[in-house]
Amino acid sequence: VTAKGFVRATSNVNLRKGVTGVTDTGSLGSGTAAYSSAVTGLAHSSTFYYRAWATTSDGGGLTSYGDIETVTTLSATAPGIVSNLASSVSSSGMTMNGSLSSTGGATVTDKGFVYSSSDSTPTIGEFNVTKLSQHPGTFNTTGSYSRAVTGLSSNTTYYYRAFATNSQGTSYGSTITQQTQTSYT
């Protein structure tokens with residue numbers, strides 16, 4: 001075996017190297033050892049057909065193909081998001097904390113916090129709800145994130161939730177209730 005790899009397509013008709021609409025991994029090595037290839041960037045909820053191929057030095061470079069296999073990719077979901085307790089609470093501000101646990105299998109296009117002093121379940125676009133987005137370069141990054149908020153009223157209860165949006169929708173973490181400290185003069 002002088003070369004081996006895989007071909008894949010959205011149809012199992014004429015699933016061979018060099019055919020229009022067929023993706024070839026190219027050679028993944030030589031010899032008779034087992035081989036594999038990770039594939040990313042496939043469309044969600046789609047069926048793909050693939051088969052292994054190997055080229056031998058016998059017969060002037062004859063390429064043989066394995067059986068056609070089928071795989072269906074999973075559906076994307078809304079992101080996984082968690083609201084965490086506030087930190088650095090003062091009479092005029094706090095740091096809101098959250099965590100993106102999963103992108104849901106789709107690109108996250110917005111991530112941040114929503115808060116209100118009157119709405120106990122704030123959501124984007126509601127009256128008297130403020131939305132704070134993170135830097136766009138961090139939208140699709142899983143893990144903890146935070147945002148310092150200033151200019152808040154003293155001795156006031158605020159409600160906030162972490163949020164994240166992808167093509168499947170917007171997810172919100174649980175509501176965190178936090179009172180700012182009293183300001184003394």
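A nonpolar core is a set of buried Ala, Val, Leu, Ile, Met, Phe, Trp, Tyr and Cys residues joined through side-chain atoms within 4.5 Å. Buried means under 20% relative accessible area, exposed means over 50%, and partly exposed lies in between (1.4 Å probe, protein chains only). The structure is a predicted model, in which local features need pLDDT of at least 70 and side-chain atom pairs count only at pLDDT 80 or more, while totals for chains, interfaces and linings use all residues. Residues are numbered from 1 along each chain as its sequence is written, and side-chain values use heavy atoms, with hydrogens and water left out.

The largest nonpolar core has 18 residues, of which Met-94, Met-96, Tyr-115 and Tyr-160 touch the most other members. Two or more residues each come from strand E6 (80–87), strand E7 (93–102), strand E8 (110–116), strand E10 (143–150) and E11. Strands (E, at least two residues), like helices (H or I, at least four), are DSSP runs numbered from the N terminus. E11 gives the largest share of this core, 4 residues. Another core, of 6 residues, lies apart from it and includes Ala-3, Val-7, Ala-9 and Val-22.

Tyr-115 can be followed through its contacts, where contact means heavy atoms within 4.5 Å. Leaving aside neighbours within four places in sequence, Tyr-115 is in contact with residues including Met-96, Val-149, Leu-152, Tyr-158, Tyr-159 and Tyr-160.

Tyr-158 counts as buried because its relative accessible area is 7%. Beyond its neighbours within four places in sequence, Tyr-158 is in contact with Met-94, Tyr-115, Ser-116, Ser-117, Leu-152, Ser-153, Ile-176, Thr-177, Gln-178 and Thr-180. Its side chain also reaches the backbone nitrogen of Ser-153 at 2.9 Å. This is a polar contact, that is, a pair of N or O atoms within 3.5 Å; within protein, one must be able to donate a hydrogen and the other to accept it, and residues adjacent in sequence count only if both atoms are side-chain atoms. Ser-118 is 40 residues from Tyr-158 along the chain, and the C-alpha atoms of the two are separated by 7.5 Å.

Strand E7 holds two further residues to look at. Thr-95 lies in this strand and counts as buried because its relative accessible area is 15%. Apart from neighbours within four places in sequence, Thr-95 is in contact with Ala-86, Ser-87, Ser-88, Ser-146, Arg-147 and Ala-148. Ser-99 is also found in E7, and it is buried, with a relative accessible area of 16%. Not counting residues up to four places away in sequence, Ser-99 touches Gly-80, Ile-81, Val-82, Asn-84, Gly-143, Ser-144 and Tyr-145.

Ser-88, a partner of Thr-95, is found in the loop between E6 and E7. Ser-88 counts as exposed because its relative accessibility is 60%. With neighbours within four places in sequence left aside, Ser-88 is in contact with Gly-93, Met-94 and Thr-95. Ser-88 and Ala-148 are 60 residues apart in sequence, and their C-alpha atoms are 8.5 Å apart in space.

The next topic is the largest pocket, which has a volume of about 210 Å³. On a 1 Å grid over the protein atoms alone, a pocket is an open set of points with protein on both sides within 12 Å along at least five of seven lines, a cavity is a set of points where a 1.4 Å probe fits but cannot get out, and lining residues have an atom within 4 Å of a point. Grid points are joined across faces, edges and corners, and a volume is the space filled by probe spheres set on the points. The residues that line the largest pocket include Phe-6, Arg-8, Phe-48, Tyr-49 and Tyr-50. Strand E1 (3–9) and strand E3 (47–55) each supply at least two residues of this lining. By class, the lining has 8 nonpolar, 3 polar and 1 charged residues.

Asn-14 sits in the loop between E1 and strand E2 (23–24), and Ser-45 in the loop between E2 and E3. Asn-14 has a positive phi of about 55 degrees although it is not a glycine; for Ser-45, likewise not a glycine, the positive phi is about 50 degrees. Asn-14 is partly exposed, with a relative accessible area of 45%, and Ser-45 counts as partly exposed at 46% relative accessibility. Gly-61 is in the loop between E3 and strand E4 (63–65) and is partly exposed at 36% relative accessibility.

Methods: Ala, Val, Leu, Ile, Met, Phe, Trp, Tyr, Cys and Pro count as nonpolar, Asp, Glu, Lys and Arg as charged, and the others, Gly among them, as polar.
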